[in-house]
Amino acid sequence: MAATKFLNESTKRSLDRDADCLKQLDAFIGNMDISKVHMGTLQPYIETRKTQGIKSGTVARDLAVVRRILTLSARVWRDENNLPWIDTPPLIQLPDWEDAAEPYPLTWEEQMRFFKLLPGYLNRMALFKVNTGLREQGVCWLRWDWEVKVPALKTSIFITPGKPVAYDDGVWPGEKNKEDQIVVLNRIAQSVVEGQRGLNPKYVFPYKEKRLERMHTTAWKNAWKNANLPCSGSYTKGPHNLKHTFGRRLRAAGVSFETRKVLLHHTTGDITTHYSSAELKELIDAVNSICDMESGVSLTVLKRTKAG
């Protein structure tokens with residue numbers, strides 16, 4: 001009952017994922033009175049998921065949903081007598097088995113080896129992503145009506161909406177931090193964009209006339225494996241590595257911490273899309289600083305060898 005009420009009333013963008021996690025929990029606490037749900041009764045679920053090899057971060061997200069429902073039951077929801085469903089929400093401790101996957105920033109040689117094995121459409125998306133730091137979702141959704149021309153600098157930028165926007169073929173869920181994000185293009189990213197013009201009226205990176213749902217496809221995974229990049233252990237293997245690669249290269253090029261925060265779309269508390277031409281030029285110069293690094297500044301990424 002509590003889970004159903006939560007799903008019916010929630011406006012979260014991750015509601016589908018919450019529904020999946022509650023489905024997983026159903027076998028353990030689905031028929032349990034909500035007043036009986038606490039760390040002790042949740043422990044069998046935690047242990048089962050750990051035995052199944054599920055990451056602690058995934059289990060923690062599941063428990064965070066339970067914690068939210070318990071909080072609502074104590075502080076918001078009322079029964080027919082106007083009493084809270086439970087008196088006090090129990091303390092729910094989120095597990096951390098120190099098993100989170102670490103990012104794997106690519107060297108220039110690894111990037112060249114990997115990108116060569118990607119099919120053309122993914123190659124172009126990856127090249128754009130590693131030169132902008134845009135999240136996978138943003139690259140897949142990137143729309144032409146998000147492009148903003150900057151005539152004074154003879155270039156353009158993209159602004160991805162912070163809040164959800166409904167389009168005729170789906171709902172853009174918005175940025176993670178709910179702020180509009182500016183996507184600054186260096187020479188390489190700009191050339192990728194110019195090569196995509198005219199392919200589709202809506203999306204910059206169409207796939208078979210439609211929007212690609214994700215970059216982390218079978219083709220991506222096969223290319224990663226065949227490029228002899230880490231396929232086991234605690235390193236992550238997905239497209240998010242390209243964002244870390246972008247960030248490491250900015251740092252190696254001497255780009256300041258504050259500028260890197262803007263370019264990596266970290267929350268700054270500022271109005272992130274209001275920039276003068278001079279400020280935009282500074283950002284563009286910063287992202288252009290990594291274009292010549294392959295033949296100039298050497299980027300050495302130290303990757304810690306895992307024990308065992």
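**The packing of H2 and H3**

In this predicted model, helix H2 (residues 15–29) packs against helix H3 (residues 39–51) at an angle of about 125°, and their axes lie 9 Å apart. The crossing in which H2 passes H3 is right-handed.

On the H2 side, the residues that meet H3 are Gln-24, Leu-25, Phe-28 and Ile-29. Their partners in H3 are Thr-41, Leu-42, Pro-44, Tyr-45, Thr-48 and Arg-49. By class, the residues of this contact comprise six nonpolar, three polar and one charged.

**The chain around it**

The chain to which these helices belong has 308 residues, of which 43% count as buried, and contains twelve helices and seven strands. Its C-alpha trace spans about 65 × 50 × 40 Å along the principal axes. Among the contacts between residues at least 6 apart in sequence, 66% join residues that are at least 24 apart.

**The sheet E1-E2-E5**

Elsewhere in the chain, three strands form an open sheet in the order E1-E2-E5, and their pairing is antiparallel. Strand E1 (147–150) and strand E5 (181–183) are the edge strands, each of them pairing on one side only. On average, and with direction ignored, neighbouring strands of this sheet are turned by 30° against each other.

E1 pairs with strand E2 (residues 155–160) in the antiparallel sense over four bridges, and within this part of the sheet Val-150 stands opposite Thr-155 in E2. The hairpin of E1 and E2 has four residues between the strands, and there Lys-154 takes a positive phi near 55°. E2 and E5 also run antiparallel, joined by three bridges, with Thr-160 standing opposite Gln-181 in E5. E2 is mostly covered, since five of its six residues are buried.

**A tyrosine in E6**

A further detail concerns Tyr-207, which lies in strand E6 (residues 206–207). Its relative accessible area is 29%, so Tyr-207 is partly exposed, given that this class lies between the 20% limit for buried residues and the 50% limit for exposed ones. When residues up to four places away in sequence are not counted, Tyr-207 touches Tyr-121 and Leu-212. Tyr-121 is 86 residues away from Tyr-207 along the chain, yet the C-alpha atoms of the two are separated by 7.1 Å.

To return to the part that you asked about, the H2 and H3 packing can be described by its angle of about 125° and its axis separation of 9 Å, by the right-handed sense of the crossing, and by a contact whose residues include Phe-28 in H2 and Tyr-45 in H3.

Note on methods
Residues numbered from 1 in each chain as written. Predicted model: local features only at pLDDT ≥ 70, side-chain atom pairs only at ≥ 80, totals over all residues. Heavy atoms only, no water. Axes fitted to C-alpha atoms, helices over the stretch in contact; angles between N-to-C directions. Helix = DSSP H or I, 4+ residues; strand = E, 2+ residues; numbered from the N terminus. Left-handed = near helix turned anticlockwise from the far one by under 90°. Contact = heavy atoms within 4.5 Å. Nonpolar A, V, L, I, M, F, W, Y, C, P; charged D, E, K, R; others polar. Pairing = 2+ DSSP bridges. Buried < 20%, exposed > 50% of the residue type's maximum accessible area, 1.4 Å probe, protein only.
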